[in-house]
Amino acid sequence: MASSESPSQLSIHNGREDTEKNLIRQEQPSSSRGGWSAAIFIILVEVAERFSYYGTAGNLITYLTNELHEPIPKAAKNVNTWVGVSSLLPIIGGFVADAFLGRFNTILVSSIIYCFAMVMLTVTVSIIPRRYQKAMFFVSLYTLAIGQAGHKPCVQTFAADQFDEDSPEEKKAKSSFFNWWYMGIIVGASTATLVVIYVQDNVGWAAGFGIMTGAMVVALVLFLLGYKRYRKQGPLGSPFTKVVQVLVAAARKWRVDGTLMTGFGVYIDDESPHDTRRTLAHTSQFRCLDKAMIIDQLDASSKTRNPWRLCSQNHVEQVKLVLRLIPVWMCCLMFAVVQSFSITFFTKQGSTMVRSIGPNFKIPQASLHVFNGLTIIVVIPIYDRVFVPAARKVTGHSSGITILQRIGIGLFVSIFTMVVSALVEAKRVSIAKDHNLLDNPKTIVPMRVWWLIPQYMICGLSDVFTFVGLQEFFYDQMPEEMRSMGAAAYLSVVGVGNFMSNAIISAVQEISSKHGEKWLGNNINRAHLNYFYWVIAALSTLNWCIYVLIAKLFVYKKFEAQETNKEKELT
(Lines give C-alpha, C1' and ligand atoms only; values in the text may rest on other atoms or scores of the structure.)
Protein backbone atom coordinates (compact mmCIF):
# COMPACT_ATOMS: atom_id res chain seq x y z
CA MET A 1 0.00 0.00 0.00
CA ALA A 2 1.36 3.47 -0.86
CA SER A 3 2.52 5.56 2.05
CA SER A 4 1.69 9.26 2.21
CA GLU A 5 4.85 10.86 3.48
CA SER A 6 4.79 14.57 4.20
CA PRO A 7 7.23 17.08 2.73
CA SER A 8 9.12 17.14 6.02
CA GLN A 9 9.57 13.37 5.87
CA LEU A 10 10.87 13.65 2.34
CA SER A 11 13.35 16.22 3.57
CA ILE A 12 14.59 13.77 6.21
CA HIS A 13 15.14 11.14 3.50
CA ASN A 14 17.23 13.69 1.73
CA GLY A 15 19.37 14.32 4.84
CA ARG A 16 22.68 13.40 3.30
CA GLU A 17 22.21 15.98 0.53
CA ASP A 18 21.33 18.61 3.15
CA THR A 19 24.41 17.75 5.21
CA GLU A 20 26.74 18.07 2.23
CA LYS A 21 25.35 21.48 1.33
CA ASN A 22 25.48 22.71 4.90
CA LEU A 23 29.10 21.56 5.13
CA ILE A 24 29.91 23.76 2.14
CA ARG A 25 28.38 26.69 3.99
CA GLN A 26 30.25 25.87 7.22
CA GLU A 27 33.58 25.74 5.37
CA GLN A 28 33.43 29.47 4.79
CA PRO A 29 36.52 31.05 6.29
CA SER A 30 36.47 33.24 9.36
CA SER A 31 35.72 36.96 9.34
CA SER A 32 39.47 37.67 9.43
CA ARG A 33 39.49 36.90 5.70
CA GLY A 34 37.74 38.68 2.90
CA GLY A 35 36.60 42.29 2.76
CA TRP A 36 38.48 45.11 1.05
CA SER A 37 41.86 43.77 2.25
CA ALA A 38 41.33 40.69 0.03
CA ALA A 39 39.38 42.36 -2.76
CA ILE A 40 42.13 44.91 -3.43
CA PHE A 41 44.50 42.14 -4.59
CA ILE A 42 41.90 40.87 -7.04
CA ILE A 43 41.15 44.39 -8.30
CA LEU A 44 44.87 44.89 -9.02
CA VAL A 45 44.89 41.61 -10.96
CA GLU A 46 41.97 42.82 -13.04
CA VAL A 47 43.70 46.17 -13.69
CA ALA A 48 46.72 44.31 -15.11
CA GLU A 49 44.56 41.93 -17.15
CA ARG A 50 42.53 44.79 -18.65
CA PHE A 51 45.79 46.61 -19.39
CA SER A 52 46.86 43.62 -21.49
CA TYR A 53 43.48 43.04 -23.11
CA TYR A 54 42.85 46.64 -24.20
CA GLY A 55 46.45 47.03 -25.30
CA THR A 56 45.70 44.17 -27.68
CA ALA A 57 42.11 44.99 -28.66
CA GLY A 58 42.43 48.77 -28.81
CA ASN A 59 44.90 48.82 -31.70
CA LEU A 60 44.01 45.47 -33.28
CA ILE A 61 42.28 46.96 -36.31
CA THR A 62 45.42 49.03 -37.01
CA TYR A 63 47.62 45.91 -36.96
CA LEU A 64 45.22 44.01 -39.23
CA THR A 65 44.95 46.80 -41.81
CA ASN A 66 48.54 48.15 -41.71
CA GLU A 67 50.63 45.04 -40.99
CA LEU A 68 48.45 42.21 -42.34
CA HIS A 69 46.93 44.42 -45.09
CA GLU A 70 43.29 43.48 -44.55
CA PRO A 71 40.49 45.69 -45.97
CA ILE A 72 38.70 47.84 -43.36
CA PRO A 73 35.33 45.95 -43.39
CA LYS A 74 37.11 42.58 -43.13
CA ALA A 75 39.38 43.85 -40.35
CA ALA A 76 36.37 45.25 -38.44
CA LYS A 77 34.62 41.88 -38.72
CA ASN A 78 37.75 40.04 -37.53
CA VAL A 79 37.99 42.34 -34.52
CA ASN A 80 34.29 41.86 -33.73
CA THR A 81 34.58 38.09 -34.14
CA TRP A 82 37.55 37.85 -31.79
CA VAL A 83 35.92 40.11 -29.20
CA GLY A 84 32.72 38.08 -29.59
CA VAL A 85 34.41 34.73 -29.08
CA SER A 86 36.42 36.14 -26.16
CA SER A 87 33.17 37.24 -24.54
CA LEU A 88 31.23 34.03 -25.18
CA LEU A 89 33.85 31.49 -24.08
CA PRO A 90 33.49 32.64 -20.42
CA ILE A 91 30.15 30.78 -20.41
CA ILE A 92 32.20 27.56 -20.57
CA GLY A 93 34.72 28.92 -18.08
CA GLY A 94 31.98 29.89 -15.63
CA PHE A 95 30.43 26.42 -15.91
CA VAL A 96 33.79 24.74 -15.23
CA ALA A 97 34.36 26.99 -12.20
CA ASP A 98 30.90 26.43 -10.68
CA ALA A 99 30.78 22.70 -11.39
CA PHE A 100 34.35 21.41 -11.09
CA LEU A 101 37.32 23.62 -10.18
CA GLY A 102 36.00 26.46 -8.04
CA ARG A 103 36.74 30.11 -8.79
CA PHE A 104 40.24 30.38 -7.31
CA ASN A 105 41.62 27.38 -9.21
CA THR A 106 39.96 28.45 -12.45
CA ILE A 107 41.51 31.92 -12.20
CA LEU A 108 44.93 30.41 -11.55
CA VAL A 109 44.84 28.01 -14.53
CA SER A 110 43.40 30.59 -16.92
CA SER A 111 45.97 33.21 -15.89
CA ILE A 112 48.79 30.82 -16.81
CA ILE A 113 47.18 30.24 -20.24
CA TYR A 114 46.76 34.01 -20.62
CA CYS A 115 50.47 34.60 -19.93
CA PHE A 116 51.42 31.91 -22.45
CA ALA A 117 49.20 33.53 -25.11
CA MET A 118 50.83 36.94 -24.54
CA VAL A 119 54.26 35.37 -24.99
CA MET A 120 53.02 33.80 -28.26
CA LEU A 121 51.79 37.19 -29.51
CA THR A 122 55.10 38.87 -28.65
CA VAL A 123 57.08 36.18 -30.47
CA THR A 124 54.72 36.26 -33.47
CA VAL A 125 55.03 40.00 -34.15
CA SER A 126 58.81 40.00 -33.61
CA ILE A 127 60.53 36.91 -35.05
CA ILE A 128 57.98 34.76 -36.94
CA PRO A 129 58.52 34.94 -40.75
CA ARG A 130 55.99 37.03 -42.66
CA ARG A 131 54.41 34.07 -44.51
CA TYR A 132 53.50 32.37 -41.20
CA GLN A 133 52.77 35.52 -39.24
CA LYS A 134 49.06 35.88 -39.98
CA ALA A 135 48.22 32.28 -39.04
CA MET A 136 50.30 32.41 -35.84
CA PHE A 137 48.86 35.79 -34.92
CA PHE A 138 45.29 34.48 -35.01
CA VAL A 139 46.26 31.27 -33.18
CA SER A 140 47.79 33.43 -30.44
CA LEU A 141 44.74 35.71 -30.32
CA TYR A 142 42.34 32.82 -29.81
CA THR A 143 44.63 31.21 -27.23
CA LEU A 144 44.29 34.51 -25.39
CA ALA A 145 40.51 34.11 -25.69
CA ILE A 146 40.78 30.67 -24.02
CA GLY A 147 42.69 32.26 -21.13
CA GLN A 148 39.96 34.87 -20.81
CA ALA A 149 37.34 32.12 -20.75
CA GLY A 150 38.24 31.17 -17.19
CA HIS A 151 39.59 34.51 -16.04
CA LYS A 152 36.71 36.88 -16.81
CA PRO A 153 33.70 35.07 -15.28
CA CYS A 154 35.54 34.24 -12.07
CA VAL A 155 37.69 37.25 -11.12
CA GLN A 156 34.85 39.69 -10.54
CA THR A 157 32.67 37.06 -8.85
CA PHE A 158 35.57 35.90 -6.66
CA ALA A 159 36.22 39.51 -5.63
CA ALA A 160 32.53 40.11 -4.82
CA ASP A 161 32.51 36.88 -2.77
CA GLN A 162 34.93 38.57 -0.36
CA PHE A 163 31.98 40.59 1.01
CA ASP A 164 29.52 38.77 3.29
CA GLU A 165 25.90 39.34 2.22
CA ASP A 166 24.66 38.58 5.74
CA SER A 167 26.62 41.53 7.13
CA PRO A 168 24.79 44.88 6.59
CA GLU A 169 28.10 46.77 6.45
CA GLU A 170 29.72 44.40 3.95
CA LYS A 171 26.54 44.24 1.84
CA LYS A 172 26.64 48.03 1.52
CA ALA A 173 30.36 47.85 0.69
CA LYS A 174 29.60 45.28 -2.03
CA SER A 175 27.29 47.70 -3.85
CA SER A 176 30.09 50.30 -3.80
CA PHE A 177 32.59 47.61 -4.84
CA PHE A 178 31.07 47.23 -8.31
CA ASN A 179 31.65 50.94 -9.02
CA TRP A 180 35.31 50.82 -7.94
CA TRP A 181 35.82 47.48 -9.67
CA TYR A 182 34.77 48.98 -12.97
CA MET A 183 36.91 52.03 -12.31
CA GLY A 184 39.92 49.70 -11.85
CA ILE A 185 39.10 48.13 -15.22
CA ILE A 186 39.04 51.55 -16.84
CA VAL A 187 42.33 52.61 -15.22
CA GLY A 188 43.99 49.53 -16.73
CA ALA A 189 42.32 50.07 -20.11
CA SER A 190 43.12 53.80 -20.23
CA THR A 191 46.76 53.24 -19.28
CA ALA A 192 47.05 50.71 -22.10
CA THR A 193 45.41 53.13 -24.50
CA LEU A 194 47.93 55.82 -23.65
CA VAL A 195 51.11 53.80 -23.11
CA VAL A 196 50.93 50.53 -25.04
CA ILE A 197 49.34 51.91 -28.19
CA TYR A 198 51.86 54.77 -28.30
CA VAL A 199 54.71 52.23 -27.97
CA GLN A 200 53.18 50.04 -30.71
CA ASP A 201 52.88 52.96 -33.12
CA ASN A 202 56.21 54.66 -32.35
CA VAL A 203 58.60 51.99 -31.02
CA GLY A 204 57.32 48.68 -32.36
CA TRP A 205 54.69 45.99 -31.99
CA ALA A 206 57.10 43.62 -30.23
CA ALA A 207 57.84 46.20 -27.53
CA GLY A 208 54.12 46.85 -27.03
CA PHE A 209 53.21 43.18 -26.64
CA GLY A 210 56.27 42.64 -24.44
CA ILE A 211 55.01 45.26 -21.97
CA MET A 212 51.61 43.55 -21.81
CA THR A 213 53.23 40.16 -21.24
CA GLY A 214 55.13 41.58 -18.28
CA ALA A 215 51.90 43.04 -16.89
CA MET A 216 50.20 39.63 -16.94
CA VAL A 217 53.11 37.99 -15.13
CA VAL A 218 52.91 40.68 -12.44
CA ALA A 219 49.15 40.09 -12.21
CA LEU A 220 49.67 36.37 -11.58
CA VAL A 221 52.22 37.10 -8.84
CA LEU A 222 49.88 39.61 -7.17
CA PHE A 223 47.04 37.11 -7.22
CA LEU A 224 49.15 34.50 -5.43
CA LEU A 225 50.36 37.02 -2.85
CA GLY A 226 46.82 37.45 -1.56
CA TYR A 227 46.23 33.70 -1.18
CA LYS A 228 45.88 33.68 2.63
CA ARG A 229 43.45 36.61 2.63
CA TYR A 230 40.80 35.15 0.33
CA ARG A 231 37.46 33.63 1.22
CA LYS A 232 37.32 30.61 -1.05
CA GLN A 233 34.35 28.48 -2.01
CA GLY A 234 34.62 25.09 -3.66
CA PRO A 235 32.60 23.95 -6.69
CA LEU A 236 28.87 23.58 -5.96
CA GLY A 237 28.00 21.14 -8.73
CA SER A 238 26.69 21.61 -12.23
CA PRO A 239 24.36 24.63 -12.39
CA PHE A 240 22.74 23.31 -15.56
CA THR A 241 21.67 20.03 -13.94
CA LYS A 242 19.30 21.74 -11.50
CA VAL A 243 17.80 23.85 -14.26
CA VAL A 244 17.15 20.79 -16.44
CA GLN A 245 15.76 18.85 -13.44
CA VAL A 246 13.13 21.53 -12.82
CA LEU A 247 12.15 21.67 -16.50
CA VAL A 248 11.91 17.86 -16.73
CA ALA A 249 9.96 17.55 -13.46
CA ALA A 250 7.49 20.24 -14.55
CA ALA A 251 7.07 18.59 -17.95
CA ARG A 252 6.43 15.17 -16.39
CA LYS A 253 3.66 16.66 -14.26
CA TRP A 254 2.10 18.97 -16.79
CA ARG A 255 -1.07 16.83 -16.75
CA VAL A 256 -1.34 16.99 -12.96
CA ASP A 257 -4.66 18.69 -12.21
CA GLY A 258 -3.83 20.68 -9.15
CA THR A 259 -2.20 23.72 -7.61
CA LEU A 260 0.27 24.26 -4.82
CA MET A 261 -2.58 23.97 -2.32
CA THR A 262 -4.01 20.64 -3.55
CA GLY A 263 -2.95 17.03 -3.87
CA PHE A 264 -0.41 15.57 -1.42
CA GLY A 265 1.33 18.89 -0.76
CA VAL A 266 4.29 20.83 -2.02
CA TYR A 267 7.99 20.23 -1.52
CA ILE A 268 9.22 23.46 0.05
CA ASP A 269 12.97 23.18 0.63
CA ASP A 270 15.77 20.64 0.85
CA GLU A 271 18.75 22.93 1.29
CA SER A 272 18.47 24.97 4.43
CA PRO A 273 15.02 24.38 5.96
CA HIS A 274 15.69 26.50 9.04
CA ASP A 275 17.39 29.46 7.31
CA THR A 276 14.76 31.58 5.57
CA ARG A 277 17.42 34.20 4.80
CA ARG A 278 18.69 32.03 1.93
CA THR A 279 15.37 30.43 0.90
CA LEU A 280 13.87 32.10 -2.16
CA ALA A 281 10.29 33.32 -1.82
CA HIS A 282 7.63 31.92 -4.10
CA THR A 283 6.71 34.11 -7.09
CA SER A 284 3.71 33.97 -9.41
CA GLN A 285 5.64 34.23 -12.68
CA PHE A 286 6.21 31.09 -14.79
CA ARG A 287 3.55 29.20 -12.82
CA CYS A 288 3.90 26.19 -15.11
CA LEU A 289 7.21 25.42 -13.36
CA ASP A 290 5.46 25.21 -9.97
CA LYS A 291 4.22 21.75 -10.95
CA ALA A 292 7.81 20.53 -10.41
CA MET A 293 7.36 20.88 -6.64
CA ILE A 294 3.86 19.38 -6.34
CA ILE A 295 3.92 16.02 -4.52
CA ASP A 296 1.75 13.57 -6.42
CA GLN A 297 0.85 10.01 -5.45
CA LEU A 298 4.05 8.53 -6.87
CA ASP A 299 6.24 11.03 -4.98
CA ALA A 300 4.35 10.42 -1.74
CA SER A 301 4.82 6.66 -2.01
CA SER A 302 8.56 6.91 -2.60
CA LYS A 303 11.01 6.68 0.29
CA THR A 304 13.61 8.80 -1.48
CA ARG A 305 13.11 11.91 -3.55
CA ASN A 306 13.70 11.65 -7.29
CA PRO A 307 15.09 15.09 -8.28
CA TRP A 308 13.90 14.50 -11.85
CA ARG A 309 10.30 14.28 -10.61
CA LEU A 310 10.20 16.47 -7.51
CA CYS A 311 12.12 19.72 -6.96
CA SER A 312 12.25 22.08 -4.03
CA GLN A 313 10.77 25.56 -4.04
CA ASN A 314 14.31 26.93 -3.96
CA HIS A 315 15.28 25.06 -7.14
CA VAL A 316 12.12 26.11 -8.97
CA GLU A 317 12.60 29.75 -8.01
CA GLN A 318 16.24 29.62 -9.08
CA VAL A 319 15.16 28.56 -12.57
CA LYS A 320 12.61 31.37 -12.60
CA LEU A 321 15.41 33.79 -11.72
CA VAL A 322 17.41 32.66 -14.74
CA LEU A 323 14.41 32.90 -17.06
CA ARG A 324 13.61 36.43 -15.85
CA LEU A 325 17.12 37.56 -16.76
CA ILE A 326 16.86 36.54 -20.43
CA PRO A 327 14.70 39.46 -21.69
CA VAL A 328 16.96 41.99 -19.94
CA TRP A 329 20.01 40.30 -21.45
CA MET A 330 18.50 40.48 -24.93
CA CYS A 331 17.70 44.19 -24.59
CA CYS A 332 21.34 44.96 -23.76
CA LEU A 333 22.71 43.44 -26.97
CA MET A 334 22.07 46.62 -28.95
CA PHE A 335 24.10 48.54 -26.38
CA ALA A 336 27.06 46.23 -27.02
CA VAL A 337 26.68 46.86 -30.76
CA VAL A 338 27.06 50.61 -30.16
CA GLN A 339 30.07 50.14 -27.89
CA SER A 340 31.83 47.90 -30.43
CA PHE A 341 32.28 50.84 -32.80
CA SER A 342 34.66 52.59 -30.38
CA ILE A 343 37.47 50.17 -31.30
CA THR A 344 36.58 49.78 -34.99
CA PHE A 345 34.96 52.58 -36.98
CA PHE A 346 35.78 55.34 -34.45
CA THR A 347 39.45 54.37 -34.72
CA LYS A 348 39.43 54.44 -38.52
CA GLN A 349 37.69 57.83 -38.48
CA GLY A 350 40.48 59.15 -36.26
CA SER A 351 43.15 57.82 -38.61
CA THR A 352 41.93 60.17 -41.38
CA MET A 353 41.94 63.33 -39.23
CA VAL A 354 44.62 65.76 -38.03
CA ARG A 355 46.17 64.16 -34.91
CA SER A 356 49.34 66.23 -34.49
CA ILE A 357 50.10 68.22 -31.34
CA GLY A 358 52.96 70.54 -32.17
CA PRO A 359 55.55 69.75 -34.84
CA ASN A 360 56.85 66.44 -33.43
CA PHE A 361 54.02 64.58 -31.69
CA LYS A 362 51.08 62.75 -33.25
CA ILE A 363 48.35 61.06 -31.19
CA PRO A 364 47.85 57.39 -32.15
CA GLN A 365 44.33 57.04 -33.49
CA ALA A 366 43.50 54.17 -31.12
CA SER A 367 44.58 56.29 -28.12
CA LEU A 368 41.47 58.42 -28.53
CA HIS A 369 39.68 55.66 -26.61
CA VAL A 370 41.32 57.14 -23.50
CA PHE A 371 38.62 59.83 -23.45
CA ASN A 372 36.10 57.07 -22.88
CA GLY A 373 38.14 55.90 -19.90
CA LEU A 374 38.78 59.39 -18.51
CA THR A 375 35.05 60.09 -18.55
CA ILE A 376 34.42 56.93 -16.53
CA ILE A 377 37.23 57.73 -14.08
CA VAL A 378 35.71 61.18 -13.42
CA VAL A 379 32.05 60.13 -13.34
CA ILE A 380 32.23 56.99 -11.15
CA PRO A 381 33.45 58.77 -7.96
CA ILE A 382 30.81 61.45 -8.50
CA TYR A 383 28.16 58.78 -9.00
CA ASP A 384 29.26 56.78 -5.94
CA ARG A 385 29.94 59.65 -3.52
CA VAL A 386 27.47 62.34 -4.64
CA PHE A 387 24.64 60.94 -6.76
CA VAL A 388 23.95 57.73 -4.78
CA PRO A 389 23.71 59.42 -1.32
CA ALA A 390 21.51 62.19 -2.75
CA ALA A 391 19.25 59.73 -4.58
CA ARG A 392 19.11 57.50 -1.49
CA LYS A 393 17.50 60.32 0.51
CA VAL A 394 14.79 60.69 -2.13
CA THR A 395 14.09 57.05 -3.02
CA GLY A 396 15.09 55.27 0.19
CA HIS A 397 16.86 52.66 -1.96
CA SER A 398 20.29 51.56 -0.65
CA SER A 399 21.86 52.09 -4.10
CA GLY A 400 20.03 55.34 -4.82
CA ILE A 401 18.24 53.93 -7.85
CA THR A 402 17.42 50.36 -8.81
CA ILE A 403 19.81 48.34 -10.95
CA LEU A 404 17.37 48.25 -13.87
CA GLN A 405 16.92 52.03 -13.72
CA ARG A 406 20.68 52.42 -13.88
CA ILE A 407 20.95 50.11 -16.90
CA GLY A 408 18.07 51.90 -18.62
CA ILE A 409 19.72 55.31 -18.24
CA GLY A 410 22.85 53.95 -19.92
CA LEU A 411 20.84 52.48 -22.80
CA PHE A 412 19.17 55.85 -23.33
CA VAL A 413 22.48 57.73 -23.29
CA SER A 414 23.97 55.31 -25.84
CA ILE A 415 21.43 56.54 -28.41
CA PHE A 416 23.14 59.93 -28.28
CA THR A 417 26.51 58.26 -28.89
CA MET A 418 25.25 57.34 -32.34
CA VAL A 419 23.50 60.67 -32.95
CA VAL A 420 26.65 62.66 -32.20
CA SER A 421 28.82 60.19 -34.16
CA ALA A 422 26.57 60.59 -37.22
CA LEU A 423 26.74 64.40 -37.07
CA VAL A 424 30.53 64.44 -36.67
CA GLU A 425 31.03 61.96 -39.51
CA ALA A 426 28.77 64.04 -41.78
CA LYS A 427 30.98 67.04 -40.96
CA ARG A 428 34.17 65.08 -41.72
CA VAL A 429 32.86 63.86 -45.09
CA SER A 430 31.70 67.36 -45.94
CA ILE A 431 35.19 68.75 -45.33
CA ALA A 432 36.73 65.90 -47.36
CA LYS A 433 34.36 66.75 -50.22
CA ASP A 434 35.22 70.47 -50.05
CA HIS A 435 38.92 69.62 -50.39
CA ASN A 436 38.38 67.03 -53.17
CA LEU A 437 39.55 64.16 -50.93
CA LEU A 438 36.64 61.75 -51.39
CA ASP A 439 38.76 59.46 -53.58
CA ASN A 440 41.92 59.84 -51.49
CA PRO A 441 41.13 57.94 -48.26
CA LYS A 442 44.79 57.84 -47.16
CA THR A 443 45.13 61.63 -47.29
CA ILE A 444 44.52 63.40 -43.98
CA VAL A 445 41.28 65.41 -43.90
CA PRO A 446 41.91 68.96 -42.56
CA MET A 447 39.73 68.45 -39.49
CA ARG A 448 41.04 68.17 -35.94
CA VAL A 449 40.64 64.78 -34.27
CA TRP A 450 39.20 66.54 -31.19
CA TRP A 451 35.82 66.49 -32.95
CA LEU A 452 35.61 62.80 -32.01
CA ILE A 453 35.99 63.44 -28.27
CA PRO A 454 32.24 64.02 -27.56
CA GLN A 455 31.22 60.63 -28.95
CA TYR A 456 33.91 58.90 -26.87
CA MET A 457 32.81 60.77 -23.73
CA ILE A 458 29.12 59.96 -24.23
CA CYS A 459 30.17 56.35 -24.81
CA GLY A 460 32.01 56.39 -21.46
CA LEU A 461 29.05 57.97 -19.67
CA SER A 462 26.72 55.23 -20.90
CA ASP A 463 29.28 52.65 -19.72
CA VAL A 464 29.09 53.98 -16.15
CA PHE A 465 25.38 53.25 -16.04
CA THR A 466 24.84 50.17 -18.21
CA PHE A 467 28.02 48.10 -17.96
CA VAL A 468 28.48 48.63 -14.22
CA GLY A 469 24.76 48.02 -13.73
CA LEU A 470 24.91 44.79 -15.74
CA GLN A 471 27.81 43.49 -13.65
CA GLU A 472 25.89 44.07 -10.42
CA PHE A 473 22.62 42.84 -11.93
CA PHE A 474 23.92 39.47 -13.11
CA TYR A 475 25.77 38.92 -9.82
CA ASP A 476 22.89 39.98 -7.57
CA GLN A 477 19.99 38.32 -9.41
CA MET A 478 21.66 35.02 -10.27
CA PRO A 479 21.27 32.00 -7.93
CA GLU A 480 24.30 31.75 -5.62
CA GLU A 481 25.41 28.48 -7.22
CA MET A 482 25.49 30.14 -10.66
CA ARG A 483 27.27 33.42 -10.01
CA SER A 484 30.26 32.60 -12.20
CA MET A 485 27.72 31.86 -14.92
CA GLY A 486 26.14 35.23 -14.11
CA ALA A 487 29.42 36.99 -14.83
CA ALA A 488 29.70 34.98 -18.04
CA ALA A 489 26.17 36.05 -18.99
CA TYR A 490 27.16 39.69 -18.58
CA LEU A 491 30.23 39.13 -20.76
CA SER A 492 28.18 37.27 -23.34
CA VAL A 493 26.23 40.49 -23.90
CA VAL A 494 29.45 41.92 -25.33
CA GLY A 495 30.16 38.75 -27.30
CA VAL A 496 26.76 38.36 -28.92
CA GLY A 497 26.61 42.13 -29.41
CA ASN A 498 29.80 41.99 -31.47
CA PHE A 499 28.43 39.17 -33.61
CA MET A 500 25.24 41.22 -34.06
CA SER A 501 27.46 44.11 -35.15
CA ASN A 502 29.00 41.84 -37.80
CA ALA A 503 25.55 40.78 -38.96
CA ILE A 504 24.33 44.38 -39.19
CA ILE A 505 27.47 45.42 -41.12
CA SER A 506 26.95 42.55 -43.59
CA ALA A 507 23.25 43.35 -43.97
CA VAL A 508 23.92 47.05 -44.56
CA GLN A 509 26.62 46.25 -47.11
CA GLU A 510 24.31 43.87 -48.95
CA ILE A 511 21.27 46.14 -48.97
CA SER A 512 23.14 49.36 -49.80
CA SER A 513 25.07 47.73 -52.66
CA LYS A 514 21.75 46.77 -54.30
CA HIS A 515 20.46 50.33 -54.09
CA GLY A 516 23.48 52.33 -55.18
CA GLU A 517 26.82 52.88 -53.47
CA LYS A 518 28.01 50.67 -50.59
CA TRP A 519 27.66 52.43 -47.25
CA LEU A 520 30.58 50.55 -45.68
CA GLY A 521 33.29 50.24 -48.30
CA ASN A 522 37.07 50.30 -47.91
CA ASN A 523 37.15 54.00 -48.82
CA ILE A 524 35.87 55.55 -45.59
CA ASN A 525 35.33 58.92 -47.30
CA ARG A 526 32.68 57.37 -49.56
CA ALA A 527 31.41 54.80 -47.06
CA HIS A 528 28.37 56.81 -45.80
CA LEU A 529 29.27 55.85 -42.25
CA ASN A 530 27.01 58.66 -41.00
CA TYR A 531 23.94 56.94 -42.56
CA PHE A 532 24.98 53.71 -40.86
CA TYR A 533 25.18 55.49 -37.48
CA TRP A 534 21.67 56.88 -37.96
CA VAL A 535 20.35 53.34 -38.57
CA ILE A 536 22.00 52.17 -35.33
CA ALA A 537 20.52 55.16 -33.45
CA ALA A 538 17.02 54.22 -34.68
CA LEU A 539 17.48 50.56 -33.68
CA SER A 540 18.80 51.63 -30.27
CA THR A 541 15.75 53.84 -29.69
CA LEU A 542 13.37 50.99 -30.50
CA ASN A 543 15.39 48.67 -28.26
CA TRP A 544 15.21 51.16 -25.35
CA CYS A 545 11.41 51.38 -25.59
CA ILE A 546 11.15 47.59 -25.36
CA TYR A 547 13.56 47.56 -22.41
CA VAL A 548 11.41 50.03 -20.45
CA LEU A 549 8.39 47.73 -20.79
CA ILE A 550 10.41 44.68 -19.67
CA ALA A 551 11.95 46.54 -16.71
CA LYS A 552 8.50 47.55 -15.44
CA LEU A 553 7.41 43.90 -15.36
CA PHE A 554 10.60 42.55 -13.78
CA VAL A 555 10.41 40.88 -10.34
CA TYR A 556 13.59 41.10 -8.25
CA LYS A 557 14.97 38.23 -6.20
CA LYS A 558 13.26 37.92 -2.81
CA PHE A 559 13.89 35.67 0.18
CA GLU A 560 11.37 34.11 2.57
CA ALA A 561 12.72 36.17 5.47
CA GLN A 562 12.04 39.43 3.60
CA GLU A 563 8.45 38.40 2.85
CA THR A 564 7.90 37.31 6.47
CA ASN A 565 9.16 40.66 7.77
CA LYS A 566 6.80 42.51 5.41
CA GLU A 567 3.85 40.47 6.66
CA LYS A 568 4.78 41.26 10.27
CA GLU A 569 4.99 44.97 9.47
CA LEU A 570 1.52 44.89 7.88
CA THR A 571 0.00 43.14 10.90
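**Figure 1. H528 is partly exposed, with a relative accessible area of 24%.** Buried means under 20%, exposed over 50%, and partly exposed in between (1.4 Å probe, protein chains only). The model is predicted, so local features need pLDDT of at least 70 and side-chain atom pairs pLDDT 80 or more, while totals for chains, interfaces and linings use all residues. Residues are numbered from 1 along each chain as its sequence is written, and side-chain values use heavy atoms, without hydrogens or water. H528 sits in the loop between α19 and α20. Helices (H or I, at least four residues) and strands (E, at least two) are DSSP runs, numbered from the N terminus. The phi of H528 is positive, near 55 degrees, and H528 is a residue other than glycine. Most residues other than glycine have a negative phi.

**Figure 2. F286 has a positive phi in a loop.** The value is about 50 degrees, although F286 is not a glycine. The loop that holds F286 runs between α11 (239-252) and α12. Is F286 buried or partly exposed? F286 is partly exposed, and its relative accessible area is 35%.

**Figure 3. S312 is buried in a loop.** The loop joins α12 (297-300) to α13 (313-331). S312 counts as buried because its relative accessibility is 0%. D290 is 22 residues away from S312 along the chain. The C-alpha atoms of S312 and D290 are separated by 9.5 Å.

**Figure 4. T81 belongs to helix α5.** T81 has 24% relative accessibility, so T81 counts as partly exposed. Which residues does T81 contact, leaving aside its neighbours within four places in sequence? They are Y142, F499 and N502. Contact means heavy atoms within 4.5 Å. T81 and F499 are 418 residues apart in sequence. In space, C-alpha to C-alpha, T81 and F499 are 6.3 Å apart.

**Figure 5. K558 lies in the loop between α20 (529-553) and α21 (560-570).** K558 is partly exposed, at a relative accessible area of 32%. Along the chain, K558 and Q477 are 81 residues apart. The C-alpha atoms of K558 and Q477 are separated by 9.4 Å.

**Figure 6. The largest cavity holds about 560 Å³ of space.** A cavity is a set of points on a 1 Å grid over the protein atoms alone where a 1.4 Å probe fits but cannot get out; lining residues have an atom within 4 Å of a point. Points join across faces, edges and corners, and probe spheres set on them fill the volume. The lining of the largest cavity has 35 residues. R50, Y53, Y54, F467 and V494 are the closest of them to the centre. Among the elements that give two or more residues to this lining are α3 (36-57), α8 (130-160) and α16 (370-395). Others include α5 (72-88), α18 (453-476) and α19 (483-514). Helix α9 gives the most, with 7 residues. By type, the lining divides into 18 nonpolar, 14 polar and 3 charged residues. Asp, Glu, Lys and Arg count as charged; Ala, Val, Leu, Ile, Met, Phe, Trp, Tyr, Cys and Pro as nonpolar; the others, Gly among them, as polar. How many cavities of 30 Å³ or more are there? The count is 6.

**Figure 7. The largest nonpolar core has 106 residues.** A nonpolar core is a set of buried Ala, Val, Leu, Ile, Met, Phe, Trp, Tyr and Cys residues joined through side-chain atoms within 4.5 Å. W82, F137, Y182, I407 and F473 have the most contacts inside the largest core. Helix α3 gives the most to this core, with 11 residues. F137 touches L60, Y63, L64, L68, L121, T124, V125 and F209, with residues up to four places away in sequence not counted. Another core, of 31 residues, lies apart from the largest one. M447, I524, F532 and Y533 are among its residues.

**Figure 8. The whole protein has 21 helices and 4 strands.** The protein has 571 residues, and 55% of them count as buried. Of the contacts with a separation of 6 or more, 83% join residues 24 or more positions apart. The accessible surface comes to about 24,400 Å². Carbon and sulfur atoms account for 64% of that surface. Accessible areas come from the Shrake-Rupley method with a 1.4 Å probe; for residues, only the protein chains shown count as cover.

Notes
On a 1 Å grid over the protein atoms alone, a cavity is a set of points where a 1.4 Å probe fits but cannot get out, and a pocket is an open set with protein on both sides within 12 Å along at least five of seven lines; lining residues have an atom within 4 Å of a point.
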